[in-house]
Amino acid sequence: MKDDGHKGSRTRGKWENRTLRPVTEKSGERDVDYSTVSSLPIDRLYTPEDLGPDWDFHEKVGFPGEYPFTRGVYPTMYRGRLWTMRQFAGFGSAAQTNQRFKYLLGQGQTGLSVAFDLPTLMGRDSDDHMARGEVGREGVAIDSLADMEVLFDGIPLDQVSTSMTINAPAAVIFCMYLAVAEKQGVPLEKLNGTLQNDILKEYIAQKEWIYPPKPSIRIITDLIGFCTRSVPKWNTISISGYHIREAGSTAVQELAFTIADGIGYVQAGIEAGLPVDAFAPRLSFFWNSHNDFFEEIAKMRASRRMWARIMRERFGAGDPRSWMCRFHTQTAGYSLTAQQPYNNVVRVTTQALAAVLGGTQSLHTNSLDETLALPSEDAVTIALRTQQILAEESGVTNTIDPLAGSYFVEALTDRMEREAMEYIDRIDELGGIVPAIENGFPQKEIADAAYRYQQQLEDASKVVVGVNKHRMEEKSRPDTLKIGHEVEEQQLQRLQQLKSSRDQEAVKRCLAALADGAGGEENLLPLMLAAVREYATVGEVSAALVPVFGRYREVSII
Amino acid sequence: MSENRKLRLLVGKVGLDGHDRGAKIIARAFRDAGFEVIYTGLHQSPEMVVATAIQEDVDAVSLSILSGAHNFLFPKVIELLREQGAEDIAVFGGGIVPEEDISGLKAAGVLEIFTPGATTDAVINWVRQNIKPRNL
């Protein structure tokens with residue numbers, strides 16, 4: 001017999017027959033099915049055959065900083081500049097959060113990210129009847145410019161970039177930020193930062209809304225128009241998959257519904273009369289990084305290629321900056337466990353590594369205690385150090401897009417793009433993302449995926465260490481941050497004092513002018529800015545528009 | 001009414017909290033377990049939840065709270081049920097509730113609190129053992 005044992009199999013089929021089958025017949029594998037956390041099936045092995053005969057390096061991958069940007073949006077990536085380490089923070093009063101900001105900046109954090117409390121996110125003041133018990137709990141309580149002045153006290157706004165996670169009342173809070181800059185003497189064109197301002201994913205997933213979609217999108221296009229003229233460095237929308245994923249979507253759904261939201265905003269901007277290249281470069285994205293390492297990397301790589309193609313081919317954008325999917329990433333809050341909470345540090349590390357290998361522009365790493373409470377200072381320090389260790393010790397920043405060319409990663413990237421585009425086609429058939437939302441289509445897809453995943457956790461076909469496998473008796477829990485009742489009482493007092501000391505007539509006049517403007521076609525931003533300068537509250541400004549715009553009511557789907 | 005009738009459960013989101021993943025999963029799991037389920041939808045005030053509970057003749061109210069406002073909202077719902085003479089409607093729930101808050105909530109009348117990692121099976125078994133049809 002001819003000895004060709006030293007020669008490898010020339011095809012996958014030969015390898016399967018010659019080398020694999022004798023082993024699987026004898027001992028089998030651990031599982032019958034292998035799949036990602038999102039239940040995307042994963043093959044045993046990937047080879048050039050998985051990419052297909054027409055797979056073209058230049059079309060699919062190419063070079064960083066060049067279309068279609070699969071490898072990254074910048075030519076030098078982390079060799080030029082590390083990602084921005086941006087920990088989302090906010091709790092209690094503006095003064096407490098201001099202290100946390102200064103602490104984080106002192107520890108080497110390079111950007112701020114504000115978490116607002118629920119009443120603020122819903123456009124309600126701390127003295128609103130629905131706000132009872134919620135003031136300062138999930139974020140910082142902001143009622144008026146007076147609180148915003150305290151929040152950024154001693155932080156020069158021309159020297160930091162600030163991300164604000166706010167949506168339904170985003171324009172109002174943004175005007176307060178502009179008013180603080182004015183008071184600091186910082187010209188608006190020097191301001192750097194991001195407003196989440198993504199109302200579509202609120203209807204889909206995060207569920208903090210005020211008005212129905214149409215008037216909400218009008219406020220957004222007004223804000224985009226205003227920034228294009230007056231705050232040119234500001235990122236006007238952070239189109240967010242994060243919350244869609246946290247609500248239980250798969251990775252493909254997160255990618256698809258978020259890009260579909262992006263298409264919705266670009267379409268709305270064009271319909272509002274803005275040239276696409278005037279505003280598209282200031283749109284950015286926000287991804288979730290979950291446990292499944294390669295799935296996340298593939299998702300992020302696919303997102304860049306998809307957005308580039310959509311902007312260039314679908315919308316005819318000509319400015320390369322319009323094609324770039326720049327994004328922030330946050331590690332997956334839902335993946336953290338209350339059981340054996342220190343294990344969360346390890347989860348966050350792999351998720352953060354995926355975000356870095358996926359080419360993120362900024363990153364929030366969750367704190368180990370986030371399933372128990374808002375993060376303590378100790379926990380948030382470990383989370384920030386995790387990023388610093390990846391950046392400065394691991395060596396993964398030395399070369400750009402190191403996983404490119406991996407048969408597996410490229411095949412998975414192609415597959416995620418293909419499956420996400422199928423969803424986008426279905427949404428187009430429904431008439432676009434707004435009608436799709438009104439039909440409950442993305443909501444239903446997400447609810448189904450969330451329920452399936454819960455069943456997989458319960459039958460342990462998906463493993464979560466410490467929850468459905470490797471459980472143990474727990475001795476103690478980490479110390480967590482407590483928000484005292486006094487926060488709410490003090491905030492109510494501050495608000496009362498403000499209302500009795502401001503120029504009441506001026507506030508009324510501004511709110512009436514705003515409501516008038518809403519009835520017409522005037523840009524609402526200057527009117528809002530005038531109102532917040534007079535210390536009109538977020539609740540008052542939001543409520544002034546309700547008679548014109550109405551309130552959104554959700555059709556609940558279970 | 002027969003003691004063997006199906007349990008009627010209200011799954012409620014109270015306050016401004018928009019996290020409805022857990023509420024929807026538990027509502028679906030209750031339905032699949034054979035209970036009758038009414039889901040309130042989001043952004044309900046305690047008054048609205050209690051009014052729905054009474055109107056729908058439910059046997060228990062199951063609240064999902066991830067906003068940190070549990071120490072205010074659970075006792076408020078119980079107080080309002082009492083005021084309406086409906087204290088026989090049991091109240092239980094789940095969410096991000098620190099362990100040290102649970103005994104206070106139970107003292108205020110909350111029957112049980114399920115925290116992250118609890119399985120729908122565990123909740124359903126608990127309901128079968130602890131919630132009985134009210135005498136209407």
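# Salt bridges within the chains

Arg12(A) and Asp50(A) form a salt bridge through their side chains, with N and O 3.4 Å apart; the term stands for a side-chain nitrogen of Lys or Arg within 4 Å of a carboxyl oxygen of Asp or Glu. The two residues belong to distant parts of the chain, 38 residues apart: Arg12(A) is in helix α1 (residues 12–27) and Asp50(A) in helix α2 (residues 48–51) of chain A. Helices here are DSSP runs of H or I with at least four residues, strands are E runs of at least two, and both are numbered from the N terminus. Arg12(A) is buried at a relative accessible area of 16%, whereas Asp50(A) is partly exposed at 30%. Buried means under 20% relative accessible area, exposed over 50%, and partly exposed in between, with a 1.4 Å probe and protein chains only.

A second salt bridge joins Arg301(A) and Asp401(A), whose closest N and O atoms are 3.1 Å apart. Arg301(A) lies in helix α14 (residues 293–314) and Asp401(A) in the loop between α17 (377–392) and α18 (407–429) of chain A, so the pair ties together parts 100 residues apart in sequence. Both Arg301(A) and Asp401(A) are buried. In chain B, Arg134(B) and Asp88(B) meet in a salt bridge at 3.1 Å, N to O. Arg134(B) is in the segment after α5 (120–130), and Asp88(B) is in the loop between α3 (70–83) and β4 (90–95) of chain B, 46 residues away. Over all chains, the count is 40 salt bridges.

# Basis of the values

This is a predicted model, in which local features need pLDDT of at least 70 and side-chain atom pairs count only at pLDDT 80 or more, while totals for chains, interfaces and linings use all residues. Side-chain values use heavy atoms, without hydrogens and water; residues are numbered from 1 along each chain as its sequence is written, and chains are lettered from A and ligands numbered from 1 in the order in which they are written.

# Asn523(A)

Asn523(A) sits in the loop between α22 (504–519) and α23 (524–533) of chain A. Its side chain reaches the backbone oxygen of Asp222(A) at 2.9 Å. A polar atom of the Asn523(A) side chain also lies 2.9 Å from the backbone nitrogen of Leu525(A). Leaving aside residues up to four places away in sequence, Asn523(A) touches Asp222(A), Gly225(A), Phe226(A) and Arg229(A), where contact means heavy atoms within 4.5 Å.

Helix α20 (residues 441–458) of chain A has 18 residues, and 14 of them are buried. After α20(A) comes Ala460(A), which has a positive phi near 60°.

The contact between the chains takes 42 residues from chain A and 36 residues from chain B. Together the chains bury about 3100 Å², 57% of it on carbon and sulfur atoms; buried area is the accessible area (1.4 Å probe) that two parts lose on being put together, summed over both. Met130(A), Tyr451(A) and Ile558(A) supply 24% of the area that chain A buries against chain B, more than any other three residues.

Between chain A and chain B there are 3 salt bridges. Arg28(B) forms a salt bridge with Asp448(A), with the closest N and O atoms 2.7 Å apart. Elements giving two or more residues to the side of chain A that touches chain B are α6 (118–121), α9 (199–206), α11 (242–246) and α20 of chain A. Among these, α20(A) gives the most, with 7 residues.

How values were computed:
Polar contact = N/O pair within 3.5 Å; in protein donor to acceptor, adjacent residues only side chain to side chain.
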